[in-house]
Amino acid sequence: MVQLRTDLTAPHDSLSDDPPMDWEADLDAAFDEPAGTSLDMHHTVFEQLQQQQKAGDFGMFGPFLDQQEWELADWLMTPTRERMGPLYKDNRTLLQKIDKLPQGPTWKCRTITLIGNPDFHDAMKYVPERLFSDESEEEQIINEMWTAQWWWDTQEKLPTGATIAPVILASDKTHLSQFSGDKQAWPVYISIGNICKAVRRQTLKRGMILLGYLPVTKLECLHEHARKGARFRLFHYVMSILLEPLIEAGKKGGQMTCADWHIRMVYPILSAYIADFPEQCLIVGVQPTDFPICEIDSDDQGEPSHAPFRDSAHTLSALKDWVTEVSSEEYTWLGLRPIPKPFWAELPHTDIFSCLMPDLLHQLHKGVFKDHLVKWCLTHAGAAEIDQRFQCMPDHPTLRYFKKGISTITQWTGHEFKEMQHIFASLTYGAVYSEVTAVARAVIDFIYYASYPSQSTETLSKGTPDGFNTELSERLHIDFAKEGYRASNKKNYIEQMVTYLTRCDTIHKFTAFLIWTHAIPDTDEVQEPVEQVPAATVAAGAPTWSIAKRAPWPKTPVRTLINNHGAVDFVPALQAYLNAHVPKGCVTASVYDFVDVYKQIIIDLPSPQQLTDETQHDTIRATPGHPNPGRKKSEPDHFDCVLVHEDGVAEDVGIKGYRAARVRALFRQPSWFGCTDTLAYIEWFTPFKPPVVPLRMSRVSYAMRQGRRQAAVIPISYIRRSCALTPIFGKPHQ
């Protein structure tokens with residue numbers, strides 16, 4: 001059974017004489033010829049809905065009586081809800097009200113409004129752009145799809161003023177039943193490259209939505225030998241039904257109202273398909289023993305030889321010769337499957353082989369890292385040795401602690417792969433030959449480089465791999481497959497899943513509309529109150545810290561702080577700081593003083609690539625361990641390590657201008673001390689030594705003086721970020 005909603009050419013009505021706001025064009029002239037030209041202006045779907053609601057009997061929340069009744073309905077449709085007293089007499093009453101809401105794209109309908117969704121107004125682009133890393137414009141930076149060469153090349157093939165909607169597809173078969181049974185679903189998801197990848201990756205934003213379900217059938221009506229070929233042909237037949245509207249729309253275009261109120265002539269063109277390796281072979285129609293994107297003989301697979309890319313015209317010609325029985329030589333050499341007409345055969349401006357995107361999850365994290373590198377190192381060093389090293393890793397807020405090691409893990413996820421990659425190379429040092437450690441470091445470096453949100457001209461043509469990762473489709477399975485199955489009675493579940501998803505789409509659309517009208521607050525923008533602590537003027541570009549407005553442990557005796565936090569030299573270190581920042585003789589530190597003690601501070605780190613506005617939140621903790629009541633395990637100590645700005649030119653010379661330290665306490669003194677800064681008591685490590693070959697990591701150890709660790713009190717503005725230190729387990733094998 002196929003459930004679909006397919007047409008991308010949504011109709012529009014004429015504008016009224018009085019537009020509801022001042023229209024403002026937001027067009028980009030980066031392309032030499034006019035592109036993304038506005039033909040007219042039109043109300044968005046939210047503005048039309050707003051007029052309908054105002055004309056109704058119940059106001060903005062209709063058909064619900066008020067905001068309270070609407071919030072209850074929204075809460076009841078949320079799978080992770082908490083228990084609450086009922087206000088509806090039965091489930092039927094609730095669902096009847098939900099069905100009265102303004103409907104989104106209904107199933108078996110022919111409307112998809114991704115490009116016209118007002119919720120994406122600030123995240124949309126309609127023309128290609130180019131970014132450069134320098135003023136000479138020699139090195140182009142590629143991060144979003146509209147900055148890639150594909151958009152520029154395709155734009156030249158279309159009429160002047162055309163707007164491209166790069167269609168992004170993703171499909172992946174998934175199990176619905178967890179412990180028993182063979183219930184499966186095969187969702188197909190769709191998005192467009194006009195939406196920035198940061199929004200596409202947020203499942204709650206609905207930047208990638210469900211297009212339809214492919215049939216999952218055993219084809220028991222056919223002979224066993226005929227089933228395999230029939231499955232291939234069934235997949236392509238159903239996909240051709242789903243994508244049939246793209247043929248005419250991709251050739252002639254269609255007028256669509258975009259999220260910025262402009263009407264444009266939009267050409268939806270298939271540009272990317274996200275799938276794992278078996279499904280990639282199914283999409284292009286080759287045997288699973290061959291490569292889906294290049295032509296290479298089976299005897300040459302795995303060899304460092306050049307292989308030409310597959311060509312759509314060449315593939316279709318070979319299929320035609322096989323169907324007409326003219327010749328099967330090319331069909332056999334190319335490793336094709338018996339598919340007379342692939343679904344992509346008539347899609348305009350589409351090369352299916354270049355549409356297949358690199359898969360970070362299956363190809364790098366699972367394939368290169370887990371299936372090759374990890375297995376190799378476990379075999380070489382022994383599983384017990386590697387497990388013990390993982391168990392000995394110090395705690396860090398951004399790192400996962402593998403308390404049982406890694407050899408016993410049976411269900412691996414992409415998150416676990418990434419957590420292991422943070423420390424895996426350093427743990428191999430001394431357990432395997434130095435050459436193996438060098439390979440581990442190189443492989444993990446490559447995975448990190450491939451995951452960068454921005455790349456250069458020489459690496460990519462359609463965008464960065466992080467925007468086409470199968471991790472997104474894996475996450476979408478929860479919302480668009482598994483939750484719908486759980487809401488069904490497990491019989492004829494596809495139809496029930498469709499009804500459930502239609503209601504969830506309706507709830508989501510109406511929520512976005514209410515946020516747009518400011519009838520309800522946007523929960524994504526709600527933040528806990530914290531105090532922003534500006535950095536001192538030790539260096540330009542210093543970060544900004546956030547700290548609780550009220551200290552969790554106010555007026556803590558210094559003696560208690562020394563005992564609980566292990567700050568053995570707190571008094572002399574504080575006195576040295578006061579002597580340097582407060583007139584001498586004014587204040588004397590002692591164990592009888594009281595200070596306000598904090599648990600943690602949070603720093604907003606800029607993006608490492610300096611090409612986006614995204615920030616990372618870095619947490620630095622200084623909390624002593626304590627027992628928990630009952631059977632709960634005791635809470636261990638959390639004294640994080642940090643990088644301290646020690647040299648005035650550290651921002652320019654990198655790690656050489658910093659020094660590692662362990663934070664033992666975060667505190668503030670009483671105001672009468674004459675120093676209102678938030679301070680940190682730290683224990684110094686030695687300056688960074690030359691990197692260890694082949695690991696290319698620097699060594700440090702505790703800085704000692706007369707048998708005691710060197711300590712100091714510094715303002716938190718001297719701290720740049722947290723850092724993780726790995727123990728040195730042994731010397732490398734030769």
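Colleague: Leaving aside its neighbours within four places in sequence, which residues is Q391 in contact with?

Modeller: Keep in mind that this is a predicted model. Q391 belongs to helix 12, which covers residues 383-391. Setting aside anything within four places in sequence, the contacts of Q391 are Y401, F402, K403, K404 and G405.

Colleague: And how far apart are the C-alpha atoms of Q391 and I406?

Modeller: Along the chain, Q391 and I406 are 15 residues apart.

Colleague: Is Q391 buried, partly exposed or exposed?

Modeller: The relative accessibility of Q391 is 32%. Buried would need under 20% and exposed over 50%. Q391 falls in between, so it counts as partly exposed.

Colleague: Let's move to E279. Which side chain of opposite charge is nearest to it, and how far away is it?

Modeller: E279 sits in helix 7, residues 277-284. E279 is buried, yet it has no salt bridge. A salt bridge would need the charged atoms within 4 Å, while the nearest side chain of opposite charge is K173, at 7.3 Å.

Colleague: Which side chain does E279 join through a polar contact?

Modeller: Beyond four places in sequence, E279 touches S171, D172, K173 and W186. The polar contact between side chains has a length of 3.2 Å, and the partner of E279 in it is W186.

Colleague: Now strand 10. Why is it described as largely enclosed by the rest of the structure?

Modeller: Strand 10 spans residues 262-274, 13 residues in total. It is largely enclosed because the number of those residues that are buried is 12.

Colleague: How many bridges join strand 5 to strand 10, and do they run parallel or antiparallel?

Modeller: Strand 5 covers residues 163-171. One of the pairings puts P166 with I269 of strand 10. Strand 5 and strand 10 are joined by 8 bridges, and they run parallel.

Colleague: Which residue in strand 10 does D40 stand opposite?

Modeller: Strand 2, residues 38-41, runs antiparallel to strand 10, with 3 bridges between them. Strand 9, residues 254-257, is also antiparallel to strand 10, through 4 bridges. T257 stands opposite I263, and D40 likewise faces I263.

Colleague: Last one: which residue in the turn between strand 9 and strand 10 has a positive phi?

Modeller: Strand 9 and strand 10 make a hairpin, with 4 residues between them. In that turn, the residue with a positive phi, about 75°, is W261.

Conventions: Residues numbered from 1 in each chain as written. Predicted model: local features only at pLDDT ≥ 70, side-chain atom pairs only at ≥ 80, totals over all residues. Heavy atoms only, no water. Helix = DSSP H or I, 4+ residues; strand = E, 2+ residues; numbered from the N terminus. Buried < 20%, exposed > 50% of the residue type's maximum accessible area, 1.4 Å probe, protein only. Lys, Arg positive; Asp, Glu negative; His and termini not counted. Polar contact = N/O pair within 3.5 Å; in protein donor to acceptor, adjacent residues only side chain to side chain. Contact = heavy atoms within 4.5 Å. Pairing = 2+ DSSP bridges.
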